[in-house]
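Colleague: I have the viewer open and would like to go through this one with you. Can we begin with the terms and then look at the parts?

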Amino acid sequence: MGTVVLGTGSCLPGRVLTNVELESIVDTSADWIKSRTGIESRHIGGKGEKTYQLAAQAAQKALEAAGVSAEELGLIVLGTISSHMLMPSSACFVQNELGAKNAFAYDLNAACSGFLYGLDLADKYIQADHSMKVLVIGAETLSSRLNWQDRNTCILFGDGAGAAVCGYSDSDRGLIGSNMRSDGSLGELLRMHAPESFNPDLIVEGNPGAYIQMEGREVFKHAVRAMEDAVFGLLEREKISKESLSLVIPHQANMRILNKLIARLDIPQSKVFINVSKYGNTSAASIPIALDEANSSGLIAKGDTVLFCSFGGGFTWGATLIKW
Ligand code: COA
């Protein structure tokens, strides 16, 4: 019937940074972070640890879980906003690392929505060619893109990677639909400039370099409303009741956003997978890490209807439904 996830994997860097440790880095308190965001710790890449290295480890686990070899992959799509290089793409580094010599590979910049945008793409390729196997990854080392003196941002984010191998199934399972959206007019509210130009004629005035800046309260309001709209729009279009959902895996932005979203969707919290306290917001990696944790701990069974929703810089947002 459609595109199915054949296997999932994830990878977190070894170093854990707690809220208490953050107190000695920036003017904040562990209690403030926990009560305002629900985050208690996050994983942080070691010196020189690169996004593609986390991505490749997550991908390797997803391939093993799927029983698919790297040579069978036709496409690798990697959602990220924290590549260590702009060219080659991190996806090409992953392709080389895995030895996926038959795959073409590219990065996708949709911030925290990168994985769901990637799943949507994978579905289109697989629908067009049922033999295609697509590796979709979300991976970030955002700790390299944070201003550690800015308490509005550095307390929120973490590093990690998650991956899913997708293919075609002629059973009654598969990706039901997705509802992907963007609004570039609101891009200034959550942004990361490019590295500064070396061409004096092309230097952008006021470019502080490549790190995250954010108007937190505004982002909060838009995030809740956008995910709510995307979810209800998708459920209505696909004629699926929220009562029939088995599990909801939202982008793990922070606990207050998740609580508001759960209230607006009016879905029991027990049906919503939440791990933000351990990892913070890992941007494009947050949904595939959560998916891998839910999947490997047996929370998803064949035939379950699983809903995903995301929101991120751009703005980008969306929702996806899969009959697992
Ligand atoms: N530690 C301690 N105090 C802090 C702080 C920190 N890290 N950050 C802000 N504060 C202070 C502020 O200075 C302010 O103090 P004041 O009342 O004396 O002026 C107070 O806490 C409240 O600040 P405010 O910005 O209103 O906090 P908030 O309740 O809106 O929480 C966020 C801030 C960032 C947690 C919240 O706006 C949020 O979750 N935004 C969405 C962020 C997000 O998820 N972005 C990614 C989306 S993909």
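Modeller: Two strands pair if DSSP finds at least two bridges between them. Helices (H or I, at least four residues) and strands (E, at least two) are DSSP runs, numbered from the N terminus. This is a predicted model, where local features need pLDDT of at least 70, side-chain atom pairs count only at pLDDT 80 or more, and totals for chains, interfaces and linings use all residues. Residues are numbered from 1 along each chain as its sequence is written, and side-chain values use heavy atoms, with hydrogens and water left out.

Colleague: OK. What is the order of the strands in the open sheet of four?

Modeller: The order is S8-S13-S12-S11, and the pairing is mixed. At the edges are S8 (174-182) and S11 (247-250), each of which pairs on one side only.

Colleague: In which sense do S11 and S12 pair?

Modeller: S11 and S12 (residues 305-312) pair in the parallel sense, over four bridges. Leucine 247 has valine 306 in S12 as its bridge partner.

Colleague: And which helix packs on the sheet?

Modeller: Helix H5 (residues 114-128) does, touching S8, S12 and S13 (316-323). Contact means heavy atoms within 4.5 Å. The direction of H5 makes about 130 degrees with that of S8. Axes are lines fitted to C-alpha atoms, for helices over the stretch in contact, and angles run from 0 to 180 degrees between N-to-C directions.

Colleague: Changing topic: how many aromatic pairs are there?

Modeller: Five. Rings of Phe, Tyr and Trp (its six-membered ring) pair if their centres lie within 6.5 Å; planes under 30 degrees apart count as stacked, over 60 as edge-to-face and the rest as tilted. One of the pairs is tyrosine 52 with phenylalanine 93, which is stacked because the centres are 4.7 Å apart and the planes are at 25 degrees.

Colleague: Which helices do those two lie in?

Modeller: Tyrosine 52 is in H3 (residues 51-66) and phenylalanine 93 in H4 (residues 90-98), so the pair ties together parts 41 residues apart in sequence.

Colleague: Is tyrosine 52 buried or exposed?

Modeller: Tyrosine 52 counts as buried, at 12% relative accessibility. Buried means under 20% relative accessible area, exposed over 50%, partly exposed in between (1.4 Å probe, protein chains only).

Colleague: Which residues are buried in H4?

Modeller: Ser90, Ala91, Val94 and Leu98. Down the axis of H4 the buried residues fall within an arc of 100 degrees (taken from the directions from the helix axis to the C-beta atoms), so they line one face of the helix.
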